[in-house]
Amino acid sequence: MHLDRRSFIAASAVGLSAVETRWLPAAEALPEFSFVIVSDTHLGRQDSQTPERQWRQAIAEINSAPGDFVLHLGDVVDGGREAQYPRYAESRRELTKPIHEIPGNHDPVPLFEKHIRTPIDTTFDHRGIRFLLLNNSHNDSHLGFIKPEQLAWMDRQCADAARQDLRLALVCHVPIHKNLNPDRGWYVKPEDGQTAFYELVERYAARFLVCFHGHFHNGIRGWRDHGSLVEVLCPSVCYNQDRRLAAAIQEKRTTGFFVEELRPGYVLATLGKGRLTLRYKPLGADRNGEYSAEWPA
Ligand SMILES: [Fe+2]
């Protein structure tokens with residue numbers, strides 16, 4: 001049978017999935033667990049106390065919320081304000097759950113390494129999932145960058161995860177998905193690692209579940225444009241802006257999903273049993289938005 005290039009790629013992807021599926025019999029479905037996602041705390045923004053107050057309120061709420069751990073998706077402080085890092089380090093000690101941060105474009109690497117963690121690119125495994133924590137931000141750009149050595153590191157981590165029958169989630173500040181108007185257009189360009197990353201995802205198609213990003217301050221926004229991979233942007237604890245994304249999606253001017261909620265807040269995520277649910281938790285509010293994605297068994 002003759003296959004043109006397009007169907008060959010599709011056939012390869014299907015073949016790869018079939019191999020992966022054998023490693024993942026239905027009986028090994030992931031157990032369900034929950035965790036919290038915060039982003040863009042921007043401590044010290046406009047030299048105001050408000051961001052720290054919001055972050056400390058979030059800590060108090062998170063401590064009494066469900067969730068095994070917390071992900072912080074970057075921009076811990078605003079504009080690299082060094083004096084804010086010890087304040088952040090002090091505040092995070094009040095959290096009763098473990099927290100895993102990544103830097104954003106407002107976090108200088110030397111300060112992040114000094115006050116939060118070194119090495120920055122690292123992983124942790126939780127309930128059948130390997131979380132890859134990756135710095136893809138530059139302080140002088142809103143765009144994202146994944147270096148060849150980071151891609152090689154991710155590839156090794158993914159191969160090891162496959163050997164251990166773990167699934168995969170990526171955590172990095174700048175989205176990889178090409179998001180043009182009405183979104184911000186801040187992403188990882190093809191030549192800066194995007195193409196290579198999606199090739200990696202395709203190689204581990206049955207394992208790569210989700211990417212979590214911050215950076216946009218637009219609430220819960222995301223896409224499912226690369227197989228079953230969910231790419232999601234999470235809201236800022238500090239402030240979110242209205243880009244009229246719900247209308248743009250409804251009018252088919254863009255793809256993806258958006259949860260209609262923009263108040264400062266965090267996300268309660270539930271993952272497992274083939275499903276991811278993201279609940280928007282505005283600070284001090286009961287009402288919340290929700291997005292759910294399901295993966296085929
Ligand atoms: Fe950012």
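Predicted model: local features only at pLDDT ≥ 70, side-chain atom pairs only at ≥ 80, totals over all residues.
## Helices and strands

How much of the chain is buried? Buried residues make up 40% of the 297 residues.

In soluble globular proteins, nonpolar side chains tend to be buried together. Here, the largest nonpolar core has 61 residues, and the members that touch the most others are V36, I37, V171, F212 and V267. Strand β11, residues 265-272, gives this core its largest share, 5 residues.

Pick out V171 in the structure to see what such a residue touches. Leaving aside residues up to four places away in sequence, V171 touches L71, L73, I102, F131, L132, L133, L134 and F212.

Which residues of helix α3 are buried? In this helix, residues 84-92, they are Q84, Y85 and Y88. These three cover an arc of only 100 degrees around the axis, so they sit on the same side of α3. An α-helix has 3.6 residues a turn, so residues three or four places apart point the same way.

The buried residues of α3 pack against α4, residues 109-115. On the face turned away from the buried side you will find the exposed residues P86 and E90.

## A pair of packed helices

Two packed helices are described by the angle between their axes and the distance between the axes. For helix α5 (residues 148-163) and helix α6 (residues 194-203), the angle is about 5 degrees and the axes are 11 Å apart. Angles under 35 degrees count as roughly parallel, and α5 and α6 are therefore roughly parallel to each other.

Which residues make the contact? From α5 come L151, M154, D155 and C158, and from α6 come A196, F197 and L200. Sorted by type, the residues of this contact are 6 nonpolar, no polar and 1 charged.

## Loops worth a look

Start with two cis peptide bonds. One runs from T118 to P119, with omega near -5 degrees, and P119 is in the loop between α4 and β4 (122-126). Another runs from N181 to P182, with omega near 10 degrees; P182 belongs to the loop between β6 (167-171) and α6.

H42 has a phi of about 45 degrees and lies in the loop between β1 (33-38) and α2. K273 has a phi of about 55 degrees and lies in the loop between β11 and β12 (275-282). Their surroundings can be compared by counting neighbours, since a residue is buried if 20 or more other C-beta atoms lie within 10 Å of its own, exposed if 12 or fewer, and partly exposed in between. H42 has 27 such atoms, so it is buried, while K273 has 13, so it is partly exposed.

Finally, is S64 buried or exposed? This residue, in the loop between α2 (50-63) and β2 (70-72), is exposed because it has 7 other C-beta atoms within 10 Å. The C-alpha atoms of S64 and L95 are separated by 9.9 Å, and the two residues are 31 residues apart along the chain.

Note on methods: Residues numbered from 1 in each chain as written. Core = buried A, V, L, I, M, F, W, Y, C linked by C-beta atoms within 7 Å. Helix = DSSP H or I, 4+ residues; strand = E, 2+ residues; numbered from the N terminus. Contact = placed C-beta atoms within 7 Å. Arc of directions from axis to C-beta. Axes fitted to C-alpha atoms, helices over the stretch in contact; angles between N-to-C directions. Parallel < 35°, antiparallel > 145°, perpendicular 65-115°, else oblique. Nonpolar A, V, L, I, M, F, W, Y, C, P; charged D, E, K, R; others polar.
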